[in-house]
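Student: I'd like to go through some labels in this model and ask what backs each one up. Can we start with the terms and then turn to the residues?

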Amino acid sequence: MSLFRKKSLTAMLANAEDSTNGLQRTLGAGNLIALGIGAIIGAGLFVRTAAAAGQSAGPAVTISFIIAAIGCAFAGLCYAEFAAMIPIAGSAYAYSYVTLGELVAWIIGWALIMEYALGAATVSIAWSEYLNKLFGGSIPYEWCHSPFESFTDSAGVLHQGMINAPALLILGLITLLLIKGTQESAIVNAVIVFIKVGIVLLFIGIGWQFIKPENHTPYLIPEGTAAVVDSAGKVIADYSPFNKHGWGGVLGGAAVVFFAFIGFDAVSTAAQEAKNPKRDMPIGILGSLVVCTILYILFGHVLTGVANWKEFVDPEKGREASVAYAISTYMTGYGWLAQAVTIAILAGFSSVILVMLMGQSRIFYSMSNDGLIPKAFGELHPKFRTPYKANIILFVFVGLFAAFVPGHVAGDLTSFGTLFAFVLVSIGVWVLRVKSPELERPFKTPMVPLVSSLGVLVCTSMIFVLDATTLKVAFGWMALGLVVYFVYSKKRSKLQNPSDIIPKASDFEKH
């Protein structure tokens, strides 16, 4: 059988519309925008902004956000076309199965595990850091960091991480909520989104008056900037590589903060649960992207103006909880805001984890229904109609990463998975326009192939400015995925039935 056999859209949509045995359509446009904002405004804003500024871009992290947003805009337009035309759970995986074939679909599905599962792990680690900040650092370093993390404090004491217990706690609670139901999860998410957007606006409004122009000078990290070291002389941040200073650093920062934008494509994983996907999916995807991009640029400008970017890499200053540190240290008289921000961030991170775990479980659900992974991933709870076994298995997998892998490693791998998915979705829109121009498209990506080509170009360039270790691990993960496909998935695919391999143009027209 061909490695590029395609799934019939008729079969996919028939399964999607099975309201008795399938997922329930309970989400409107407002729910979808809230899901997008819920995923976008989180670790990317409150943690990755400071990380990108301190490690690569300096105050020019605002430009990094603009570059990342442009790449997202190109990919987002492509996602919107697919999501309206093919309203199926599974996001880019499902789109690729219909347009590019099974092998490409498998590759992108495997890459999406890095995006959503590791994204959830990264945010749960950030949640742990801010919880410790709220408790005044009372959680021992050993119990809220991975075994691969250590630092020497100002007293000369070496601290070695053991397990990130708070990260495991929040993952378990969110998993239970997701098993309970999609509508309940969406309501909780909407409340949290309202709170955290309000806090972000409050920080921008109040923080603007505390901006020091000298913190924005120079705007780019100069070449030859000395490395930042801890009390024991261990290098914390090295600015000698090309992607750690100047315009190379701005591009490197864009690759880091790209993690912050994964929320808009998480919206597409809920297409099978949208009431009117042809209208609501483009609104949810593009609406959440526009709102959050504006907030990100303003937030980055204020944060790097209030505190010097170098402080965001120092574990004894602003590395662990950068926003709360900046407020408590430099915004005199607003200590209460630091506490409010910390609480809002904890709630906000919870909504990000919720959307990431929800998105990954829906991708597993689709892949299981296609026979590519075990049936357990596609089994729905008899009462709640949620893929509960997928949620439980996902908790174990994500929990292991959250407990034992450093946050920056998981975050960079998440960026790779996101960028890779964006590249293939951008290619898929162009391919389908050429092969099947007559298909009904409720939403059309403008200026194809220009927009899709730019999406491929921008996202590919950001993949290659990720650090070498991240790329090695990512490509190793993709190689493992190919082994799994050829050993297990290929022969169990439901497309072994030749009658369901190639979709006809009429299949699309009916829907």
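Predicted model: local features only at pLDDT ≥ 70, side-chain atom pairs only at ≥ 80, totals over all residues.

Student: Why is lysine 389 called partly exposed?

Tutor: Its relative accessible area is 31%. That falls between the 20% and 50% cut-offs, so lysine 389 gets the label partly exposed. Glutamate 379 also comes out as partly exposed, at 31%.

Student: What makes lysine 389 and glutamate 379 a salt bridge?

Tutor: The cut-off is a side-chain nitrogen within 4 Å of a carboxyl oxygen. Here the closest N and O atoms are 2.7 Å apart, so the pair counts. Lysine 389 belongs to helix α14 and glutamate 379 to the loop between α13 and α14, so the contact ties together parts 10 residues apart in sequence.

Student: How do you know whether aspartate 280 is buried or exposed?

Tutor: Its relative accessible area is 2%. Buried means under 20%, so aspartate 280 is buried. Its salt-bridge partner, at 2.9 Å N to O, is arginine 279, which is partly exposed at 47%.

Student: Which parts does the salt bridge between arginine 5 and glutamate 102 tie together, and why?

Tutor: The N to O distance is 2.8 Å. Arginine 5 is in the segment before α1 and glutamate 102 is in helix α6, so the bridge joins parts 97 residues apart in sequence. Both of these residues are buried.

Terms used
Residues numbered from 1 in each chain as written. Heavy atoms only, no water. Helix = DSSP H or I, 4+ residues; strand = E, 2+ residues; numbered from the N terminus. Buried < 20%, exposed > 50% of the residue type's maximum accessible area, 1.4 Å probe, protein only.
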